[in-house]
Amino acid sequence: MAKLTFKEELCKGCGLCVNACPKKILTLSKTKLNAKGHAPVECEKPEECIGCASCAIMCPDCVITVER
Amino acid sequence: MTVVFEKPKALTDAVLHYCPGCTHGIVHRLVAEAIDELGIEGRTIGIAPVGCAVMAYDYFACDMIEASHGRAPAVATGVKRSMPENIVFTYQGDGDLASIGLCETVSTAARGENITIIFINNAIYGMTGGQMAPTSLLGQVTQTSPYGRDPKTQGYPINICELLSSLDAPAYLERVTVNSVAHVRQAKKAIKKAFQNQVEGKGFSLVEVLSACPTNWGMTPQKALEWIDEKMIPRYPLGVYRDKED
């Protein structure tokens, strides 16, 4: 069981984390924008996260904290 | 549950001004992780360049000095010689290090100053809007090479690691990239080693990081990472170009 926490306001919606995720469970939000106008990253299936931190390693903006 | 990944302490809470998908942010984090892991934050002094990373002084939690364009290795030399107990690093782009600052880069390397240089090579001038850099690839379209870089009039790209490896003094030269998780891990190792070398007094260490500039390359962030694999690595092979063990 792993837990992802997103600092949404820092996200620029570049999507590098979405491509890095081996479980393909991340997506850019289709329903909200942050204060800077970017669609922030979301986890669609949190229960499937394995806590590998690949997303956080590829994130240029330190948006993601990973706990395991 | 324990935290397995979070923002390193050697980065401030300032929001990075870089474009979406710019890999400067990844390299900033790797430098900060190296500072954290070596426990040197209190005695580290960074030298910021001119270029996209000009505001690096806001992002690193250690003391920072802003050098004039290309002169970061000269400033670092002065700081290190006057305060040899401090850990001194420069963080420079290709316009800064390989163009206007090439003299300082080569001279500092030739003297073997005991400093650490993090060199971001993204094959273009980012901050000024995508002009041709000394590291731009042959055929690469930029604002100032609209028909592609032509060696007849614009010369050939400069491979900094190979150039500096012809000198006697440098202790450590490695080229890495940050376009995949595996490559980021390798880059982390190289950057940490470059700082460790300075702590041990081994001398001049430079890590060249092939970096993406999605905005000025005119690509999506993901496509830009693939472009590094397809175009940049064939011209700039990854690997260790110098590693003096003693």
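User: Which residues of H3(B) meet H5(B)?

Analyst: In this predicted model, Pro73(B), Ala74(B) and Thr77(B) in H3(B) meet Glu104(B), Thr105(B) and Thr108(B) in H5(B), where contact means that C-beta atoms, placed from the backbone, lie within 7 Å. As a general idea, an α-helix has 3.6 residues a turn, so residues three or four places apart point the same way. The residues of this contact divide into two nonpolar, three polar and one charged; Ala, Val, Leu, Ile, Met, Phe, Trp, Tyr, Cys and Pro count as nonpolar, Asp, Glu, Lys and Arg as charged, and the others, Gly among them, as polar. Residues are numbered from 1 along each chain as its sequence is written, chains are lettered from A in the order in which they are written, and local features need pLDDT of at least 70, whereas totals for chains and interfaces use all residues.

User: At what angle do the axes of H3(B) and H5(B) cross?

Analyst: The axes of H3(B), residues 72-82, and H5(B), residues 102-111, come within 7 Å and cross at roughly 40°, the axes being lines fitted to C-alpha atoms over the stretch in contact, with angles from 0 to 180 degrees between N-to-C directions. That makes H3(B) oblique to H5(B), since angles under 35 degrees count as roughly parallel, over 145 as roughly antiparallel, 65 to 115 as roughly perpendicular and the rest as oblique.

User: Which strands form the open sheet, and in what order?

Analyst: Strands of a sheet pair through backbone hydrogen bonds, either parallel or antiparallel. Here three strands form an open sheet in the order E1(A)-E4(A)-E1(B), with antiparallel pairing; strands (E, at least two residues) and helices (H or I, at least four) are DSSP runs, numbered from the N terminus, and two strands pair if DSSP finds at least two bridges between them. E1(A) and E1(B) stand at the edges, each with a single partner strand, so one side of each is left without a neighbour in the sheet. The twist averages 30° from one strand to the next. Two bridges join E4(A) to E1(B), and Glu67(A) stands opposite Val3(B).

User: How many residues does each chain bring to the contact between the chains?

Analyst: The contact takes 23 residues from chain A and 23 residues from chain B. On the side of chain A that touches chain B, H2(A) gives the most, with four residues, and by class that side has 11 nonpolar, seven polar and five charged residues. The predictor gives the complex an ipTM of 0.97.

Conventions: Predicted model: local features only at pLDDT ≥ 70, side-chain atom pairs only at ≥ 80, totals over all residues. Contact = placed C-beta atoms within 7 Å.
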